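Work through the exercises below with the coordinates open. Try each task before reading its solution.

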Amino acid sequence: NKRLYVVTAGSDYKTAAQQTKDGPEPEVEEPEVTEKMLYLKPNANWKKDNARFAAYFFGNGDKWVSMVDSDKDGIYEVNIPEGYDYGCNVIFCRMNPNTAANNWNNKWNQTSDLKAPTDGKNLYTVKENTWDNGGGTWSVK
């Protein structure tokens, strides 16, 4: 159940009437993207339970972007959002597959805070047998 609070202009938010509305989660608008790409190769742990993947970009406004395996090769890709470039701050996240919303409540696991390389390396491989902040390596896809 989602809760909706209705506040009329000029009233105190503490007096807002609470209403409950059932239904699907609202769709989340993905940010504008660039042609610059980053890639994620999750380990066996991260692939369990039909997890999906997202990238969280931060340092220039927070932006979540869903990742896809467009080549069906087990490597997920994400377009770097507008306003970001190589060298940006990013966290790759293993997400709950039962919801499309990218946020911290739906995150199952994450890498540590990463900085996308500027030397051409664009593929982050999550170290085997790790879950959260378990480390990994950057290479060229």
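A strand here is a DSSP run of E with at least two residues, numbered from the N terminus. By that definition, Asn109 lies in strand β8, residues 107-110. The model is predicted.

**Exercise 1. Overall layout**

Task: How many helices and strands does the chain have, and in what order do they run?

Solution. 
- Step 1: count the elements. The chain has 1 helix and 11 strands.
- Step 2: check burial. Of the 141 residues, 39% are buried.
- Step 3: check the range of contacts. Take those between residues at least 6 apart in sequence; 56% of them join residues at least 24 apart.
- Step 4: take the accessible surface. It comes to about 8,700 Å², and carbon and sulfur atoms hold 46% of it.

**Exercise 2. Aromatic pairs**

Solution. 
- Step 1: count. The structure holds 10 aromatic pairs.
- Step 2: take Tyr56 and Phe58. Their ring centres are 5.7 Å apart and their planes meet at 15°, so the pair is stacked. The cut-off for stacking is under 30 degrees.
- Step 3: Tyr56 and Phe58 are both buried.
- Step 4: take Phe92 and Trp138. The centres are 6.1 Å apart, with 55° between the planes, and the pair is tilted.
- Step 5: Phe92 is in strand β7 (residues 89-95) and Trp138 in strand β11 (residues 136-139), 46 residues apart. Both Phe92 and Trp138 are buried.
- Step 6: look for clustering. Tyr56, Phe58, Trp64 and Trp104 form one aromatic cluster.
- Step 7: look for a charge over a ring. The charged end of Lys141 sits over the ring of Tyr39, 4.9 Å from the ring centre.

**Exercise 3. Arg52**

Task: Is Arg52 buried or exposed, and what does its side chain reach?

Solution. 
- Step 1: locate Arg52. It is in strand β4.
- Step 2: apply the cut-off. Arg52 has a relative accessible area of 17%, so it counts as buried, the limit being under 20%.
- Step 3: find polar partners. The Arg52 side chain reaches the backbone oxygen of Thr99 at 2.8 Å. It also makes a polar contact with the side chain of Asn102, at 2.7 Å.

**Exercise 4. Asn109 and Asp132**

Task: Which residues do Asn109 and Asp132 touch, and what are their polar contacts?

Solution. 
- Step 1: take Asn109. Its relative accessibility is 7%, so it counts as buried.
- Step 2: find its side-chain partner. Asn109 makes a polar contact with the side chain of Arg94, at 2.7 Å.
- Step 3: list its contacts beyond four places in sequence. They are Trp46, Phe92, Cys93, Arg94, Trp131 and Asp132.
- Step 4: move to Asp132. It lies in the loop between β10 and β11, and at 38% relative accessibility it is partly exposed.
- Step 5: list the contacts of Asp132 in the same way. They are Trp108, Asn109 and Gln110. A polar atom of the Asp132 side chain lies 2.8 Å from the backbone nitrogen of Gln110.

**Exercise 5. Positive phi**

Task: What are the phi values of Asp49 and Asn50?

Solution. 
- Step 1: read the angles. Phi is near 65° for Asp49 and near 60° for Asn50.
- Step 2: locate the residues. Asp49 is in the loop between α1 (44-47) and β4, and Asn50 is in the loop between α1 and β4.
- Step 3: check exposure. Asp49 is exposed at 57% relative accessibility, and Asn50 is exposed at 65%.

Key
Residues are numbered from 1 along each chain as its sequence is written. This is a predicted model: local features need pLDDT of at least 70, side-chain atom pairs count only at pLDDT 80 or more; totals for chains, interfaces and linings use all residues. Side-chain values use heavy atoms; hydrogens and water are left out. Helices (H or I, at least four residues) and strands (E, at least two) are DSSP runs, numbered from the N terminus. Buried means under 20% relative accessible area, exposed over 50%, partly exposed in between (1.4 Å probe, protein chains only). Contact means heavy atoms within 4.5 Å. Accessible areas come from the Shrake-Rupley method with a 1.4 Å probe; for residues, only the protein chains shown count as cover. Rings of Phe, Tyr and Trp (its six-membered ring) pair if their centres lie within 6.5 Å; planes under 30 degrees apart count as stacked, over 60 as edge-to-face and the rest as tilted. A charge sits over a ring if NZ of Lys or CZ of Arg is within 6 Å of the ring centre and within 35 degrees of the ring normal. A polar contact is a pair of N or O atoms within 3.5 Å; within protein, one must be able to donate a hydrogen and the other to accept it, and residues adjacent in sequence count only if both atoms are side-chain atoms.
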